[in-house]
Amino acid sequence: MATRPSSFCLLQNLIVMALAFLILLGATVILPADFLSDKKPSLLPPANFTVTATGLAQVLLRWEPSPDQERRSIKLGYHVKINGPQEDDYETSDTESSRETVLHEGFSASVRTIPWEGHPVRPSGWVTAGLSAPAGAAGTSAVNLTCTANTAASEGTRGRQYRVSLRCSWLPGQASPEDTWYFLYYRYGSQTEECREYGRDVLGRSVAGWFPGTVIPGRGRDLLAVRVNGSSRHAAIRPLDRLFALHAIDQVNPPLNVTAGVEGTRLSVQWDKPISAFPTHCFEYEVKIHNARKGYFQVEKMTTQEFTSTVHGASRYSLQVRAAVSPVCRPAGPWSAWTRPVVVGSDERKPWAEWFLIALAAAVGFLFAFSLIRRASSRCHPWATLFPPVPAPKSHIKDFIVSINYEKSGSGETEVEVMSYAEEQELEVLDDFVF
Ligand SMILES: *[C@@H]1O[C@H](CO)[C@@H](O)[C@H](O)[C@H]1NC(C)=O
Ligand SMILES: *[C@@H]1O[C@H](CO)[C@@H](O)[C@H](O)[C@H]1NC(C)=O
Ligand SMILES: *[C@@H]1O[C@H](CO)[C@@H](O)[C@H](O)[C@H]1NC(C)=O
């Protein structure tokens with residue numbers, strides 16, 4: 001039994017070795033053929049390949065054709081490979097290429113010369129260049145960076161420029177010293193701005209920044225680059241870059257001029273499109289209806305600027321509306337804030353019902369007060385003299401309970417216990433009766 005697996009393994013190993021031998025043999029046969037077929041000189045790698053940071057989260061890759069490359073007979077192109085932080089691969093006939101990329105982890109790219117118009121020439125070897133990660137102690141960079149943009153009002157007459165406020169927040173890195181101060185920058189296109197208004201945490205470190213009026217073209221397609229770097233006397237603070245698609249962080253304004261009304265059983269709400277670069281057909285809305293009497297929320301989604309509903313029974317309704325740019329016009333983004341509640345309708349209870357409730361409340365209150373006084377008077381003399389107990393019903397109840405228990409127990413000793421129990425019980429009986 002023990003020999004079978006080992007002989008089986010031997011057989012397996014033999015097969016594997018045979019296969020490896022065949023592959024090696026194949027390779028030695030094929031490789032020279034390959035070399036032979038490409039005997040014509042392959043292209044030469046590009047010269048002077050450099051990578052430079054040209055802006056916040058922006059690099060320029062530049063190279064030159066090899067000076068020794070004979071170019072009269074062949075048009076040259078280049079194959080660019082981004083190795084990190086995010087892999088990418090593309091071809092170009094230019095000798096430079098601009099990229100937007102986060103740079104806090106460094107950057108690396110390679111380029112090689114290729115024939116541009118499908119000549120059967122072998123591409124060159126690769127040349128590689130890059131940027132090293134900026135200095136900084138581990139765990140000092142800001143984390144959880146999020147931003148929201150908000151288009152305020154249109155600026156200029158053409159209506160293509162919108163004043164956008166940008167707000168970002170982050171958390172200090174776990175290893176960031178207590179005196180760390182983070183700086184916030186953004187770049188959109190060629191414009192870079194440093195933040196001037198910061199929010200702080202309990203230790204006084206900056207954890208949020210606000211740009212009240214950046215000039216970002218409405219419906220901008222470029223990426224928004226954001227950098228949080230910092231300084232401290234105790235450690236080098238690692239920077240953090242992030243690129244945002246504007247649509248993903250652009251929180252539209254809430255709808256305007258919300259009005260609502262109830263007529264009979266018809267509840268209607270109307271509103272206007274929010275201030276935005278997007279036209280009317282680009283919006284979708286949500287209406288939140290709070291039925292105050294039943295205490296429930298209902299949310300309705302729609303693309304019109306009006307909502308009507310049939311309501312049954314009088315109630316107060318609190319209505320709020322919010323907006324988002326619909327996927328018809330751009331990829332999904334965040335919802336606006338809710339508008340302030342508009343309250344319509346009333347809790348029209350019938351008058352007799354209200355009076356009944358008031359009377360009931362008064363009666364309950366009176367009985368409660370009465371029971372408290374009774375309870376107090378049984379323990380405290382001044383109260384007892386002020387409100388002398390009503391003797392007849394009290395003794396009556398006690399007698400009744402005692403006599404029953406007496407009959408049941410049939411012993412003198414238990415009778416005493418039962419009597420004291422009955423005395424306590426009397427007030428509780430009264431309390432139970434009240435509530
Ligand atoms: C590469 O750069 C060096 C120095 O910057 C320069 O002398 C040389 O001409 C450049 N090579 C090419 C092919 O442009
Ligand atoms: C920060 O981000 C990490 C992972 O990205 C997450 O686990 C953590 O809950 C976030 N912290 C806060 C306070 O949002
Ligand atoms: C932070 O980044 C900005 C923009 O890249 C740069 O101008 C500034 O010198 C940096 N500050 C620190 C403290 O690294």
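Strand β14 (residues 223–231) contributes three residues to the shell around ligand 3, the most of any element; strands here are DSSP runs (E, at least two residues), numbered from the N terminus. The model is predicted, so local features are reported only at pLDDT of at least 70 and side-chain atom pairs only at pLDDT 80 or more, while totals for chains, interfaces and linings use all residues. Residues are numbered from 1 along each chain as its sequence is written, chains are lettered from A and ligands numbered from 1 in the order in which they are written, and side-chain values use heavy atoms, with hydrogens and water left out.

Ligand 3 is surrounded by Tyr185, Arg227, Asn229 and Gly230, where a residue counts as near if one of its heavy atoms lies within 4 Å of the molecule. The protein covers 51% of the 360 Å² of accessible area that ligand 3 has on its own; such areas come from the Shrake-Rupley method with a 1.4 Å probe, and for residues only the protein chains shown count as cover. The shell consists of one nonpolar, two polar and one charged residues. In this classification Ala, Val, Leu, Ile, Met, Phe, Trp, Tyr, Cys and Pro are nonpolar, Asp, Glu, Lys and Arg are charged, and the others, Gly among them, are polar. An oxygen atom of ligand 3 lies 2.7 Å from a polar side-chain atom of Arg227, and an oxygen atom of the ligand is 2.2 Å from an N or O atom in the side chain of Asn229.

Around ligand 1 stand Asn48, Glu64 and Pro67. Taken alone, ligand 1 exposes 360 Å², of which the protein buries 35%. A polar side-chain atom of Glu64 is 3.1 Å from an oxygen atom of this ligand.

Strand β21 (residues 317–325) has nine of its nine residues buried, so the strand is largely enclosed by the rest of the structure. Buried means under 20% relative accessible area, exposed over 50%, and partly exposed in between (1.4 Å probe, protein chains only). Tyr317, Leu319, Val321, Ala323 and Val325 point one way from β21, and Ser318, Gln320, Arg322 and Ala324 point the other way. In a regular strand the side chains alternate between the two faces of the sheet. β21 pairs in the antiparallel sense with β18 (residues 283–291) over nine bridges and with β22 (residues 342–344) over three bridges; two strands pair if DSSP finds at least two bridges between them. Tyr317 in β21 stands opposite Asn291 and has Val344 as its bridge partner in β22.

An open sheet of three strands has the order β16-β17-β20, with antiparallel pairing. β16 (256–263) and β20 (306–310) stand at the edges with a single partner strand each, so one side of each lacks a neighbour in the sheet. Strand β17 (residues 266–272) pairs with β20 over five bridges, and Val269 has Phe307 in β20 as its bridge partner.

Backbone geometry is considered last. Most residues other than glycine have a negative phi, and most peptide bonds are trans. Asn257, in strand β16, has a positive phi of about 50° and is exposed at 54% relative accessibility. Asn144, in strand β8 (residues 143–155), has a positive phi near 50° and is exposed, with a relative accessible area of 57%. The peptide bond from Gly84 to Pro85 is cis, with omega near 10°; Pro85 is found in the loop between β3 (76–84) and β4 (88–92).

Terms used
Polar contact = N/O pair within 3.5 Å; in protein donor to acceptor, adjacent residues only side chain to side chain. Helix = DSSP H or I, 4+ residues; strand = E, 2+ residues; numbered from the N terminus.
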